[in-house]
Amino acid sequence: MSPGRWVDVGRWVEVGDGVLARRYGELDLTVGLVVGDGACLVVDTRGDAVQGTELAAAVRSVTAAPEVATGPLGVGAEQFGVCASCHGSNGEGGVGRKFSEGEVDKTFPHIEDQLRFVYFGTAQYQVAGVESYGNPEREGGPHLTQSLGVMPGQGALAGGDLTDDEVLAVVCHERYDLGGADPASDEWVEEFEHWCSDESPIYAALESGTSLADLADAGVTDAEGEPIEILPIGDAPAEGSPPG
Ligand code: HEC
């Protein structure tokens with residue numbers, strides 16, 4: 001293909017049957033779009049919410065087919081629909097706890113504790129007699145089981161509808177999109193790469209059938225082949241852990 005075809009910034013170029021590309025000046029980025037019979041696949045979602053909204057409109061100028069989201073954050077944003085009625089569509093809280101402005105990351109310095117709580121929910125923690133589901137040293141006091149209400153368990157062992165990879169996806173959405181943890185910061189970069197990035201090896205392991213309960217012993221490795229340290233999530237509720 002001649003490079004000249006790409007100079008036309010901000011316009012879809014059909015590069016094959018049902019395969020389109022669109023060039024963006026910032027970051028010198030090309031977005032791909034594959035239009036299938038009943039769905040379309042958007043490759044790359046650009047950098048932020050405003051750009052994402054622009055892209056969604058650009059996709060709609062080509063096809064009305066439903067989008068297929070990929071990666072933990074894309075899938076998590078879709079799954080969050082079932083949580084929004086209690087937690088607010090921007091995680092601002094309501095019947096359920098607030099996630100925004102860093103609140104969810106304060107409760108769960110370790111993502112494993114959040115996965116376990118979302119998986120089992122309040123009732124199972126009550127039955128198991130586990131009082132503190134998050135950081136026991138949380139600023140302003142720990143969030144104790146049923147101190148606000150009843151969080152419905154989402155995982156299969158708790159009668160929920162989400163698969164284990166979907167539980168991770170929605171937790172990633174809560175921590176990074178709603179909670180506001182910065183994936184590029186020293187504090188979160190490693191967690192983000194291991195758990196929530198498009199290349200997350202842990203998400204890939206869950207997608208191919210490893211369970212959250214067995215994750216810590218599954219020998220998941222990072223991009224360099226080094227083993228990733230994972231706290232046990234287990235097959236039952238357990239106390240949350242302090243930072244560090
Ligand atoms: C029916 C309302 C309801 C729905 C639906 C709901 N939640 Fe909750 N959630 C709650 C309540 C109430 C709490 C507080 C639980 C407690 O006090 O034991 C909570 C707490 C939480 C917490 C702990 C936050 C903290 O800082 O303490 C997380 C994480 C969470 N929910 C995630 C989710 C996710 C993910 C979904 C969707 C898959 C979801 N919730 C759906 C009501 C709900």
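Which helix gives the most residues to the shell around the ligand?

1. The model is predicted, with local features requiring pLDDT of at least 70 and side-chain atom pairs counting only at pLDDT 80 or more, while totals for chains, interfaces and linings use all residues. Residues are numbered from 1 along each chain as its sequence is written.

2. The ligand is surrounded by 28 residues (a residue is near a molecule if its C-beta atom, placed from the backbone, lies within 6 Å of it), and the closest are Cys 83, Cys 86, Gly 96, Thr 107 and Gly 149. Two or more residues of this shell come from each of helix H3 (81-87), helix H4 (103-107), helix H5 (111-128) and helix H6 (164-178), helices being DSSP runs of H or I with at least four residues, numbered from the N terminus. H3 gives the most, with 5 residues.

3. Phe 80 lies in the loop between helix H2 (71-79) and H3. Phe 80 touches Val 170 and His 173, leaving aside residues up to four places away in sequence (contact requires C-beta atoms, placed from the backbone, within 7 Å). Phe 80 and Ala 169, 89 residues apart in sequence, are 9.1 Å apart in space, C-alpha to C-alpha.

4. Strand S1 (residues 12-16) and strand S2 (residues 19-24) run antiparallel and are joined by 4 bridges, pairing requiring at least two DSSP bridges and a strand being a DSSP run of E with at least two residues. Glu 14 stands opposite Leu 20 in S2. The two strands form a hairpin with 2 residues between them, and Gly 18 in the turn has a positive phi of about 75°.

Methods: Two residues are in contact if their C-beta atoms, placed from the backbone, lie within 7 Å.
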